[in-house]
Amino acid sequence: DVLPSPDRPAPSVSITEIRQYLRAQDIPFHDGYSCLHTPSLFTGDRGDQPLSANAPFTLFIDKTTGSFLCTATLAEGTWQDFQANVEMRHRGVTPIPPASSEETEEEMRQAREDARCIWERALPLWELLDEKETKETKALFGISQVTDATLKRFGVRYLRTARSLVFPWFSPQDATLKGLKLLRVEKKGGTITYVEETLPHFDSYRNLFGLPLIGRRDTELVLTGWELDALALHQAAGVASLALPRGASCLPPTLLPYLEQFKRITLWLGEDLRSWEAAKLFARKLSLKRCSLVRPGNLQPRPLEALNQGLNVTKILRSALLASHKSIVSFRQLREEVFGELVNTEQVSGVKWARFPELNKLLKGHRRGELTIFTGPTGSGKTTFISEYALDLCMQGVCTLWGSFEINNVRLAKIMLTQFAGRRLEDQLELYDEWADRFEELPLYFMTFHGQQNIKTVIDTMQHAVYMYDITHVVVDNLQFMMGHEHLSVDR
């Protein structure tokens, strides 16, 4: 298929089973916020020695999926991989981290090499020869208030040829360069848009920007959706701050172990309602009891904007709302949320379609938690329309999962790619790679089912995709194929 599909959910494992297994194997563990912490199988003593409770607890097991990550060796894998390695230890064999495919290894190596070449060509902003150029560049990115000391601390550089800021991704293990993100500004009329490009491609780009600057003793953190916001926060409030690799669209579970050391996390992802919704979603992954959220509003814009306007950033952080509510709330606790909905009436009605103004009048926009059913006779264009409808949202950053039970994924991806490019690519094959590369960057995933399916398996796959990729839009095409024809009499 053209695009990555979410892996079939690994056989589900409950947190109780994980704990029972660790106890049965005499593996010491601490209960963390999103993960269980254990000594690593891949460091220290080898063979059939039991793991020591005095060893550093550098291996993290995700409570929801059972997958693990060792932050000391960067070994990662599924719950089944973990069990296989425990078995190997019992037999006196040195555990081996699960290997990724040679193809992936080669791609990552190439991406690192490309990143290194760009990094060496990029200059620190304060080293641009001309002070006028430095001022103009800073003004272009809205960072005139950000000091050279802050830029230096975070290692931000500027690539003249591409007119882009360069944010490095350093390995937390040995500080080598693993990749980078380029940010450039595009002006269309009066509007400014920021265009990002990552090396390696976004699916493998898992940088928590600012991580090497975090100390072992830091217990409080502000999590932002943008690298420039992390700079602004550190400068204005002196707090430990990190930026998520894909902003408010996704918090990959592989990053959770790096966030376990913090007793308090404040999520300040942006200034619109979608950032607020994402913050609530991410707080559930991170454990509600340690999270606070900064509510977007006129007096609480995104951190960079707050710095530029001279607002008191520390005061805004102190006013963050606790994420965890008890089962019953009073209107006083809801008061701010209700005000936010009234102020942002347009945003409350959901993500608007760019290509279907008439549809916006009917449905107002795409909102989470709503079910829309399209009906029509065979061949009337339901699939063609819905692929365009979903693509429209996907291009605006709505993470989308397709369950196409009627036509296979290759054909569906071909339809969507043609709609995305707005041209017949079969007549211009030389343009295929260019459009496929751009298409690959969309937050779009396909389920690998076809024809009639067991409904439980499909629901499990959806839940897995929601946790792994923060999916907020699921398309099922079509219900009849999914249910099979003999179920038509059942209340489905």
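1. About 30 Å³ of space lies in the largest cavity, and a search of the whole structure finds 1 cavity of 30 Å³ or more. A cavity here is a set of points, on a 1 Å grid over the protein atoms alone, where a 1.4 Å probe fits but cannot get out. Grid points are joined across faces, edges and corners, and the volume is the space filled by probe spheres set on the points. Rolling a probe the size of a water molecule over the atoms shows where empty space is left.

2. The model is predicted: local features need pLDDT of at least 70 and side-chain atom pairs count only at pLDDT 80 or more, while totals for chains, interfaces and linings use all residues. Residues are numbered from 1 along each chain as its sequence is written, and side-chain values use heavy atoms, with hydrogens and water left out.

3. Which residues line the largest cavity? The lining consists of Leu 267, Leu 269, Gly 270, Ser 275, Trp 276, Ala 279, Val 294 and Pro 296, where a lining residue has an atom within 4 Å of a point. By class there are 6 nonpolar, 2 polar and no charged residues; Ala, Val, Leu, Ile, Met, Phe, Trp, Tyr, Cys and Pro count as nonpolar, Asp, Glu, Lys and Arg as charged, and the others, Gly among them, as polar. Helix α7 (residues 273-286) supplies the largest share of the lining, 3 residues. Helices (H or I, at least four residues) and strands (E, at least two) are DSSP runs numbered from the N terminus.

4. Leu 267, one of the lining residues, stands opposite Leu 223 in the pairing of β11 (residues 220-224) with β13. These two strands run parallel and are joined by 5 bridges; strands pair if DSSP finds at least two bridges between them. On strand β13 (residues 264-268), 4 of the 5 residues are buried, so this strand is largely enclosed by the rest of the structure. Buried means under 20% relative accessible area, exposed over 50%, and partly exposed in between (1.4 Å probe, protein chains only). β13 also pairs with strand β14 (residues 291-293) in the parallel sense over 3 bridges, with Thr 266 opposite Ser 292.

5. β11 is likewise mostly covered, with 4 of its 5 residues buried. Strand β12 (residues 241-243) runs parallel to β11 and is joined to it by 3 bridges. In this pairing Leu 223 faces Leu 242.

6. An open antiparallel sheet of 5 strands has the order β1-β2-β3-β4-β5. Its edge strands are β1 (30-31) and β5 (76-77), each of which pairs on one side only. Between β1 and β2 there are 2 bridges, and Asp 31 has Leu 36 of β2 as its bridge partner.

7. Ser 40 is placed in the loop between β2 (35-38) and β3 (59-62). Is Ser 40 buried or exposed? Ser 40 counts as buried, because its relative accessibility is 3%. A polar atom of the Ser 40 side chain lies 3.0 Å from the backbone nitrogen of Phe 42. Beyond the neighbours within four places in sequence, Ser 40 is in contact (heavy atoms within 4.5 Å) with Leu 51, Pro 56, Thr 58, Leu 59 and Cys 70.

8. Strands β7 (residues 157-159) and β8 (residues 164-170) run antiparallel and share 3 bridges, and Leu 159 is partnered by Ser 164 in β8.

9. His 366 occupies the loop between α12 (357-363) and α13 (382-394) and is buried, with a relative accessible area of 12%. Its side chain reaches the backbone oxygen of Thr 472 at 3.4 Å. Leaving aside neighbours within four places in sequence, the contacts of His 366 are Ser 349, Gly 350, Val 351, Trp 353, Leu 393, Val 398, Thr 472 and His 473.

10. Ala 421 belongs to helix α14 (residues 409-421). Ala 421 is buried at 8% relative accessible area. Between the C-alpha atoms of Ala 421 and Leu 431, 10 residues apart along the chain, the separation is 9.6 Å.

Notes: A polar contact is a pair of N or O atoms within 3.5 Å; within protein, one must be able to donate a hydrogen and the other to accept it, and residues adjacent in sequence count only if both atoms are side-chain atoms. On a 1 Å grid over the protein atoms alone, a cavity is a set of points where a 1.4 Å probe fits but cannot get out, and a pocket is an open set with protein on both sides within 12 Å along at least five of seven lines; lining residues have an atom within 4 Å of a point.
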